[in-house]
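Visitor: Please pick one part of this model and take me through it closely. I would like to know what it touches and what surrounds it.

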Amino acid sequence: MALRTCQNFASPFVSSIKLTKKPIRNFKAPVKNCQSDPHESRKLVLQVKERLEKDYNSLPVGKNGRDDEDMILWFLKDRKFSIEESLAKLTKAIKWRQEFRVSELNEDSVRGIAESGKAYVHDFLDINERPVLIVVASKHLPAVHDPVEDEKLCVFFIEKALSKLPPGKEQILGIIDLRGFGTENADLKFLTFLFDVFYYYHPKRLGEVLFVEAPFVFKPFWQLTKPLLKSYASLAKFCSVETVRKEYFTEATVPDNFRE
């Protein structure tokens, strides 16, 4: 913040000090204050909401729209309560949802590609009460399937998993079944799309990703893609079917394809 001096306060010492102007930075409330004080975070939510109404009134309203206060608060938390950074990321996310027509996705619109069995949302939560999105990598065939349909299926299942979040829970679990994975299943373009969805449009919603029974052929692909994932790479855990079965589910809730 630029220093201000009192005009009628004059002294040789003070006048000899050379003051330089510094650019005023965008307001960012102390994170701890906002996290612990609902009133402080509420003020910022309303400020962002007003800015969106004033400067981006062409954006849709309603759930996941410019007046969705829960969504605004989530993006504020993601951007450490910086109004300007939250606005930038929020508008990008809302515009994407509108252009991608996320609200129009349903079981019927993705039925064709879903029949491939490449992904599904598990009927039960894991032991940490997280919705579970499972991907069967060997059934992902980028040379065969329409990439646009793959993206629609991806977004539909992410939305479906998030809709199953219990009260007080905020993240989902991703499980990538790599048994049978081959070079024909590798898809850097799709992985980049998936990263964009979780980084820009659903930040901090992915709590952990399990890579199950990764074969040797997967390792070079992982080394290539890992730098692209940045901080999200730290969410990855390589494990066995037994680990999935014993550490993430109960006997009654384990997915069928991870049973003995």
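Guide: Start with arginine 97. Setting aside neighbours within four places in sequence, its contacts are Asn64, Met71, Val102, Glu159 and His202. The residue sits in helix H5. Is arginine 97 buried or exposed? Its relative accessibility is 12%. The cut-off for buried is under 20%, so arginine 97 counts as buried. Keep in mind that this is a predicted model.

Now the setting. The chain has 260 residues, and 40% of them are buried. Its secondary structure comprises ten helices and five strands. Take the contacts with a separation of 6 or more: 75% of them join residues 24 or more positions apart. The chain exposes about 15,800 Å², with carbon and sulfur atoms supplying 53% of that area.

H5 is one of the elements that the buried residues of H8 pack against. H8 covers residues 188–201. Its 14 residues reach 19 Å from first C-alpha to last, close to the 20 Å expected at 1.5 Å a residue.

Which residues of H8 are buried? They are Phe190, Phe193, Phe195, Val197, Phe198 and Tyr201. Their partners come from several places in the chain. Helices H4 (69–78), H5 (83–100), H7 (147–163) and H9 (218–229) are among them. So are two strands, E3 (172–177) and E4 (206–212).

One aromatic cluster takes in Phe190, Phe193, Phe195, Tyr199, Tyr200 and Tyr201, together with Trp96, Phe100 and Tyr232. Of these, Phe190, Phe193, Phe195 and Tyr201 are on the list of buried H8 residues.

With 34% relative accessibility, leucine 188 counts as partly exposed. Together with Leu224 and Leu228, Leu188 forms a nonpolar surface patch. The accessible area of the three leucines comes to about 260 Å².

Next, the aromatic pairs. The whole structure holds 18 of them. One links phenylalanine 181 with phenylalanine 221: the pair is tilted, 6.1 Å centre to centre, with 35 degrees between the planes. Phenylalanine 181 is in the loop between E3 and H8, while phenylalanine 221 is in helix H9, so the pair ties together parts 40 residues apart in sequence. Both of these phenylalanines are buried.

A second pair involves phenylalanine 218 and tryptophan 222. Their ring centres lie 6.5 Å apart and their planes meet at 20 degrees, so this pair is stacked. Why about one helical turn between phenylalanine 218 and tryptophan 222? Because they are four residues apart in helix H9. As a rule, an α-helix has 3.6 residues a turn, so residues three or four places apart point the same way. Phenylalanine 218 and tryptophan 222 are both buried.

For contrast, end with glutamate 50. It lies in helix H3, which spans residues 38–55. Glutamate 50 is exposed, at 52% relative accessible area. Aspartate 67 is 17 residues from glutamate 50 in sequence, and the two C-alpha atoms are 8.7 Å apart.

Definitions and conventions:
Residues numbered from 1 in each chain as written. Predicted model: local features only at pLDDT ≥ 70, side-chain atom pairs only at ≥ 80, totals over all residues. Heavy atoms only, no water. Patch = residues over 30% accessible without salt bridge, like charges linked within 9 Å, V, L, I, M, F, W, Y side chains within 5 Å. Areas by Shrake-Rupley, 256 points an atom, 1.4 Å probe, with all protein chains shown as cover. Salt bridge = Lys/Arg side-chain N within 4 Å of Asp/Glu carboxyl O. Buried < 20%, exposed > 50% of the residue type's maximum accessible area, 1.4 Å probe, protein only. Contact = heavy atoms within 4.5 Å. Expected span 1.5 Å × (residues − 1). Phe/Tyr/Trp six-rings, centres within 6.5 Å; stacked < 30°, edge-to-face > 60°.
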